[in-house]
Amino acid sequence: PAQRSASGSAADGLRDAARRVLLRNWTGGSTVPSRSLYPHQWSWDSAFVAIGLRHLSPERAQRELETLLAAQWGDGRVPHIVFNPAVPLDAYFPSPDFWRSSTAGAAAGAPADVETSGIVQPPVHALAAWLVHRADPALSRRRGFLRRLYPKLVAWHHYLTAHRDLGRRGLVSVVHPWEPGMDNSPCWDGPLARVEPAPPGSFRRADLDHGSAADRPTDLDYARYVRLAADYRDHGYLDARAPHRFAVEDPGVNALLIASEHALADIAEEIAPEIAPVSGAREELRADADAHRRRARELTAALVDGLWDAEAGQFLCFDVRSGRPIAERSVAGLLPLIVPGLPRDVVGALLDTVRGEHFGLGGAVRLVPSYDLRGHAFDPRRYWRGPAWFNINWLMERGLRQHGRTADADALRAAVLAAAASSDFAEYVDPHTGAGHGSREFSWTAALVLDLLH
Ligand code: 9WN
């Protein structure tokens, strides 16, 4: 009993600390990922934040997603950053004067009253909206939360499937390394090598004011990120016109889209009796759960056909420009574990791979690394080239639990909580030592701790 109360009070302490981070990082309508490094609203961060915030304030969790979706473009895209006009331009690069969304993005339907980036991030939002609803269904119904969000989420998925199937293989492509949220994954090294870097003096990296250079992408990476984003902008952010020299099908992005498509089916079932007609929304829109489930099955089949590598025992990224798979093991290739209805042999192989020598869960490491422990580019501290990230580990925990790996899921949950507690809610940690890197008091780390403690 003494031990139980000791761990009980440790959990209470951690819960309080996580709450304090989320309260401090709340700016009135949304949450910044980090007060110092990322002082605006980020797309997939907000989805993960909402998943934790629902335990603290279901209303704030709803508003987090509503604020993000208020900046949605006319073509359905949800921008990866929504800029706070009160923050000085030099606090984060690239700033609104680089993206110039309200003017350069006008043809793609960028909003006129708010500045955003022009690229996207993984579509975790419908999954987050469904989880937020379930935290307080009465409040959600009273506020018309799902009814208002549903058409926007449908338009978001439609943007991805209609404008971003660049490989014409029924999968979504990302067109910039910032889009899959794993900026400098070794998977992008090959496709990025074909991109002409922007001149070194043509931009100033604000991230190095806050983060150690050894923990961040290199200057050469940044020069290529800038070139790709500027090319997209200079073509009006129109996918039919932009050269998209970088185009990759990422299994993580597609897996999250599928999980979110299943969530859209749940949402459609929930609102079906009240949705017809949706005031203010496109008139033809009806909540159709079956259509969402069908689309989820089609995407799952395309994911397995297009990205599964039986020999590797995991999914691989596919370089649309070269027409070849990318021979690097990113943790993105394990994220399909969260997808319902994967073939049995695929699930079995993924579960072996996560515990095998490349990801080492339960052996060499207690948290799943972002990249192959044995990979030639593995670096335990450099961002997405090895460190363990909390959002990814939250997804892996969910995947393990969904497939009945309860002991592995419990151990991973305990390791996530311990690493968050000892690192002051770090942005990412060394997968071997658990030492914190990047920014501290990081919002999704705190939010997902709250969710796991719940
Ligand atoms: C670029 C905000 C974001 C995360 C990404 C992470 C990092 C930005 C950056 O921070 O990317 O979008 O400036 O490095 O890679 O996953 O959403 O937390």
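**View 1. Surroundings of valine 21.** Setting aside neighbours within four places in sequence, valine 21 is in contact with Phe425, Glu441, Ser443 and Ala446 (contact: C-beta atoms, placed from the backbone, within 7 Å). The model shown is predicted: local features need pLDDT of at least 70, side-chain atom pairs count only at pLDDT 80 or more, and totals for chains, interfaces and linings use all residues. Residue numbers start from 1 along each chain as its sequence is written. Valine 21 belongs to helix H1 (residues 2–25); helices (H or I, at least four residues) and strands (E, at least two) are DSSP runs, numbered from the N terminus. Valine 21 counts as buried, with 25 C-beta neighbours inside 10 Å. A residue is buried if 20 or more other C-beta atoms lie within 10 Å of its own, exposed if 12 or fewer, and partly exposed in between.

**View 2. Helix H16 and its crossing with helix H2.** Helix H16 is mostly covered, with 10 of its 11 residues buried. Among the buried residues of H16 are Trp444, Ala447, Leu448 and Leu450. The axes of H2 (residues 43–53) and H16 (residues 443–453) come within 7 Å and cross at roughly 35 degrees. Axes are lines fitted to C-alpha atoms, for helices over the stretch in contact, and angles run from 0 to 180 degrees between N-to-C directions. The crossing of H2 and H16 is left-handed, a term used if the near helix is turned anticlockwise from the far one by less than a right angle, with right-handed used if clockwise. On the H2 side, Asp45, Phe48, Val49, Ile51, Gly52 and Leu53 meet residues of H16 that include Ser443, Trp444 and Asp451. The residues of this contact of H2 with H16 comprise 9 nonpolar, 2 polar and 2 charged (nonpolar: Ala, Val, Leu, Ile, Met, Phe, Trp, Tyr, Cys and Pro; charged: Asp, Glu, Lys and Arg; polar: the others, Gly among them).

**View 3. The shell around the ligand.** Surrounding the ligand are Pro33, Tyr38, Trp42, Trp44, Asp45, His80, Trp178, Gly181, Asp183 and Asp207; a residue is near a molecule or strand if its C-beta atom, placed from the backbone, lies within 6 Å of it. This shell divides into 5 nonpolar, 2 polar and 3 charged residues.

**View 4. Helices H6 and H8.** The axes of H6 (residues 125–135) and H8 (residues 145–163) come within 10 Å and cross at roughly 170 degrees. The two helices, H6 and H8, are therefore roughly antiparallel (angles under 35 degrees count as roughly parallel, over 145 as roughly antiparallel, 65 to 115 as roughly perpendicular and the rest as oblique). His125, Ala126, Ala129 and His133 of H6 meet Phe145, Leu146, Leu149, Leu153 and Trp156 of H8. In this contact of H6 with H8, 7 residues are nonpolar, 2 are polar and none is charged.

View 5. Phenylalanine 93 and proline 94 are joined by a cis peptide bond, with omega about 0 degrees. Proline 94 sits in the loop between strand S2 (81–82) and helix H4 (96–99). Arginine 168, in the loop between H8 and strand S3 (173–174), has a positive phi near 50 degrees and is not a glycine. Arginine 168 counts as exposed, with 8 C-beta neighbours inside 10 Å. Phenylalanine 425, also not a glycine, has a positive phi of about 60 degrees and lies in the loop between helix H15 (406–422) and strand S10 (428–429). Phenylalanine 425 is buried, with 27 other C-beta atoms within 10 Å.

How values were computed
Contact = placed C-beta atoms within 7 Å.
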